[in-house]
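Subject: Structure for you to look at

Hello,

Here is the structure I promised to pass on. Please open it alongside this note, and I will go through what turned up.

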Amino acid sequence: MAVERDQLLDMYRCMVKIREFENRAHDLFLAGGLPGFLHLYSGQEAVAAGVMATLRPDDLIASTHRGHGHVIAKGGDVRLMLAEILGRATGYCKGKGGSMHIAAIELGILGANGVVGASIPIGVGAALACQYKDGDRVSVTFFGDGASNRGTFHEALNLASIWDLPAVFICENNLYGVGFCQRDHMRPCDVAERAAGYGFPGIVVDGNDAEAVYEATATAVARARAGGGPTMVECKTWRHHGHFVGDQALYRDPAEHAEWLARDPLLLCAKVLASRGWADEGALLAIQDEIRAEIEEAVAFALASPQPALSDLLTDVYSD
Ligand SMILES: Cc1ncc(C[n+]2csc(CCOP(=O)(O)OP(=O)(O)O)c2C)c(N)n1
Ligand SMILES: [Mg+2]
């Protein structure tokens, strides 16, 4: 499933939007205006952009604590996202969820999740709903290398397999779980090998190459839609920042960090676009300017939005 010009340009635009959003969120956090923890997605943009380009609007996703990129790529409104992470009443969850709990059911976004590994059974439950109801929707679950050591991962993969669910598992292997290098927390180091233990395919791709992510995921999604059951796509990637804003990531080798920065997914995509004559530097800069203006407008909207009213403190907390 080769990628065409407009598709790759859309993926590039999506990656720029995620990067600019994260840069701005970072600034707001450092200025002291953003409450809670912030786990930036910068560096992993090709995964969200490549995966989401294969999906339909009615497909479902389950996300993680590092989920801003997933929401943006699935069509999330950056105004409502910024309002949410700034704790404003106009946000996706009325300012009560924050960065790790953004959900937008109308877009098929079942929620980010502060509990590591919790997205996996949620995604599998959603896949069961997709299979049970009429239609051919698929459910895509994002999780990290660290999450693949949780029991939830193993239980959910087993169920997805025995029920042949329309589930696609996207492992974003950024090689670290907080300060633990993957070789110190799991063996083997290809998470995709674990799919074989549950009887379905697992494939490893370069997670900084949006086109590679797109192609592998498109095959997995087509298989799931056709009733062929689950697939895992492991995307090897790297987070540009520490685990959360405030973590200086001193546990990482500076030389390895520099190697990955040289393989920044935006740079790689820009090079491909240029080499195929699909977009010159001016066109890419115009995309960046346009997105920066959109993000600034979103920041202004969020900062001008009210805090939730005290009388709303206990509303939307429980659902019967
Ligand atoms: C059940 C649970 N255990 C521990 C934590 C603390 N914690 C937050 S993120 C994280 C590491 C997750 O690593 P990984 O799955 O690789 O995702 P990444 O942060 O690398 O994107 C941990 C241990 C948590 N939030 N939930
Ligand atoms: Mg990780």
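Let me start with helix α5: 10 of its 14 residues are buried, so the helix is largely enclosed by the rest of the structure. Buried here means that 20 or more other C-beta atoms lie within 10 Å of a residue's own; 12 or fewer makes it exposed, anything in between partly exposed, and C-beta atoms are placed from the backbone. This is a predicted model, in which local features need pLDDT of at least 70 and side-chain atom pairs count only at pLDDT 80 or more, while totals for chains, interfaces and linings use all residues. Residues are numbered from 1 along each chain as its sequence is written, with chains lettered from A and ligands numbered from 1 in the order in which they are written.

The buried set in α5 is S119, I120, P121, I122, G123, V124, A126, A127, C130 and Q131. These residues pack against β1 (60-62), β2 (139-144), α6 (151-162) and β3 (167-173), where contact means C-beta atoms, placed from the backbone, within 7 Å. Helices (H or I, at least four residues) and strands (E, at least two) are DSSP runs, numbered from the N terminus.

Next, a helix pair. The axes of α1 (residues 5-30) and α12 (residues 281-304) come within 9 Å and cross at roughly 45 degrees; axes are lines fitted to C-alpha atoms, for helices over the stretch in contact, and angles run from 0 to 180 degrees between N-to-C directions. The two helices are therefore oblique to each other (under 35 degrees is roughly parallel, over 145 roughly antiparallel, 65 to 115 roughly perpendicular, and the rest oblique). On the α1 side, Y12, R13, V16, K17, E20, F21 and R24 meet I287, Q288, I291, R292, I295 and V299 of α12.

Finally, some backbone details. Most residues other than glycine have a negative phi, and most peptide bonds are trans. Against that background, R187 and P188 are joined by a cis peptide bond, with omega about -5 degrees. P188 sits in the loop between α7 (182-185) and α8 (193-196).

D164 is not a glycine, yet has a positive phi of about 50 degrees; you will find D164 in the loop between α6 and β3. A249, also a residue other than glycine, has a positive phi near 55 degrees and lies in the loop between β7 (231-236) and α10 (254-262). D164 counts as partly exposed because it has 15 C-beta neighbours inside 10 Å.

Best wishes

Terms used
Contact = placed C-beta atoms within 7 Å.
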